[in-house]
Amino acid sequence: MILLDGIDKHDDPQSSKLVAESSSVPVARAHTPTPSLPDYEASQAQLKPTTQSFPEIQKQRTRRRRCRKYTLYALVVYFVISIAVGVPFIVMPNPYGSWDDVTSIPPRSVTLGDPPLRLSSAKSCNAWGATDIPDGSLLRSELEYHVPVNGSLFLNTNITYSGNGTYLNHFSGQLLVDVNDDDSAPDAIVHVTMHHTTTRLREATNVCLMQTGQGGGLYLFTPQQLNLTDALTFNITLLLPRNNTSTRLIPQLLCHLPHFQQTYRQLDPQVIFDSVVLGGAMSGVAIESIQASQAVVKASSAEIRGKFTVDSSLSLETVSAPINADIRLFNNGTTMSPTFLHLTTGNSGLSANVTMFVPPVMKGYHGPHFVTHAETFNAPLSVSLMHDDASAPAAVRMRAVNNLGNTRVSVDSRYEGTFDVNTMFAQADVLAMNGAEVRDDRGNSESNANDDDDDNDSNSNSTQQAYATNDKVRMFLPTFSASTVAVSDASSSSSSTTVSNASRCLEYDLISSSEIRGWVGQPPRPSPTSGLAAFEAYNDMGHLDIISSLSGAQLVLLT
């Protein structure tokens, strides 16, 4: 029998088991301080062979943390500076072609009120005073109506324009609107002379007096089925009532007469209107003088010509026919909105002389006084913007657009603001005109007078000074007051300097062959970053957009 060393055969196995179980109970021991474990970078450094000590590694880690912290601070500062510098450029209004902040141009659609279109609702029809009177190859019938003018006064018809125009060929007409010489007549008088081919055609035509809640007027109901030989010709005369000692105000005048030639005599100052809507398809409109708060004239293939005075909005629209208008725009600030002017035609010339009036004091008004738009194509466009002699300087925003035709906009010496003369493939020019002499943007002179070259050169040098400021070209424009002072007090250098600083100057922001941008006015030029007053003056500046594609565009500055 083999006995293992270290084991007593007399030992009790049960007691050994108890001792083992009791020894498995955890026994508390005294705490011994141990060093803290290194971080990942330190442990990796310890694994690699290096000559750096642990404190040196700690210093390197601290420097890296400081570098990251400073980088974060730099990014924050860069973000703050970007916001401070970038936001003003984003929010600052753009003076070149910024039209979104201005109330839109008045709608081009013509609203003819709500005249009745049913024959059954007529108050009276065919009250002929004379019928079927032979007049050459036609028959003549006449009637007369009296229409109150306390509401809307309209002349309308059911004649429509068809695609080929054959229906309108059966009709023609003349409308004459004038003021009644008899100041005792309380109502408007409508006199109708109708020429017709047959009695049957007269009986099929109804000339009616209509009365509605909005007002009253004349309505022509013409037959829809016509023979090839049928023809109708209307001569309508409308005489408006007037007061004996004061101006007569009529709320509204609506004349929609296709294929008529409409003639309006001088209606103001005896009669003025709140609203005027005139025109019709292939209906020419000629006006000697009319005054209204709002006026719309819409025609097609017919000329619009006349003198207009408005204080709210004016819209003249035709196509394939010229527009020749003499316009007076008023803005007294009562509505706190600009006065609108909208001129559009196509394939024919557009010429408008605009005179603006703003009262000397308009407290609390900011923004443009006048917003104008002129447009044509394949024909010349010419618009002149002038101030009334009694007017304060007006802030006007003008947009003149043309294609395949020359565009020219002229402003007087009281205009102040920016301009953008832009063409696609043609020449852009800014011209300074003084009497018979015109100077282009490069300072060259073209004189119609028979002066020698030396006199022209000396005149150009004495009245025009050009120099560069803030990387922009600035030149002083000649003015009457400046030249007068220079002659009377030529020996005083201080006085001449004062006049030069107070003179109207021209400053260019961009000069190229196809586009010229800049500012004209009395320095200093308003800036949006020079305080609240300068910012308001900056927003109140005028602006001119002169655009053409394949023809030249010119801005003429009258001095």
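Reply:
**Salt bridges up close**

Aspartate 545 and arginine 399 meet through their side chains in a salt bridge (3.1 Å, N to O). This pair links distant parts of the chain, with aspartate 545 in strand S30 (residues 542-548) and arginine 399 in strand S20 (residues 396-403), 146 residues apart. Helices (H or I, at least four residues) and strands (E, at least two) are DSSP runs, numbered from the N terminus. A salt bridge here is a side-chain nitrogen of Lys or Arg within 4 Å of a carboxyl oxygen of Asp or Glu.

A word on the source: this is a predicted model, where local features need pLDDT of at least 70 and side-chain atom pairs count only at pLDDT 80 or more, while totals for chains, interfaces and linings use all residues. Residues are numbered from 1 along each chain as its sequence is written, and side-chain values use heavy atoms, with hydrogens and water left out.

How covered are the two partners? Aspartate 545 is buried, at a relative accessible area of 4%, whereas arginine 399 is partly exposed at 26%. Buried means under 20% relative accessible area, exposed over 50%, and partly exposed in between (1.4 Å probe, protein chains only).

Aspartate 230 and arginine 200 also meet in a salt bridge, at 3.1 Å from N to O. This pair, too, links distant parts of the chain: aspartate 230 sits in the loop between strand S8 (215-221) and strand S9 (232-240), and arginine 200 is in helix H4, 30 residues apart. Aspartate 230 is buried, with a relative accessible area of 5%, and arginine 200 is partly exposed at 41%. Helix H4 (residues 199-204) also holds alanine 204, which is partly exposed with a relative accessible area of 34%.

Next comes arginine 140, whose side chain forms a salt bridge with that of glutamate 142 (3.0 Å, N to O). Glutamate 142 is partly exposed, with a relative accessible area of 26%. Asp135 joins Arg140 and Glu142 in a network of salt bridges.

As a general point, side chains of opposite charge can pair when their charged atoms come close.
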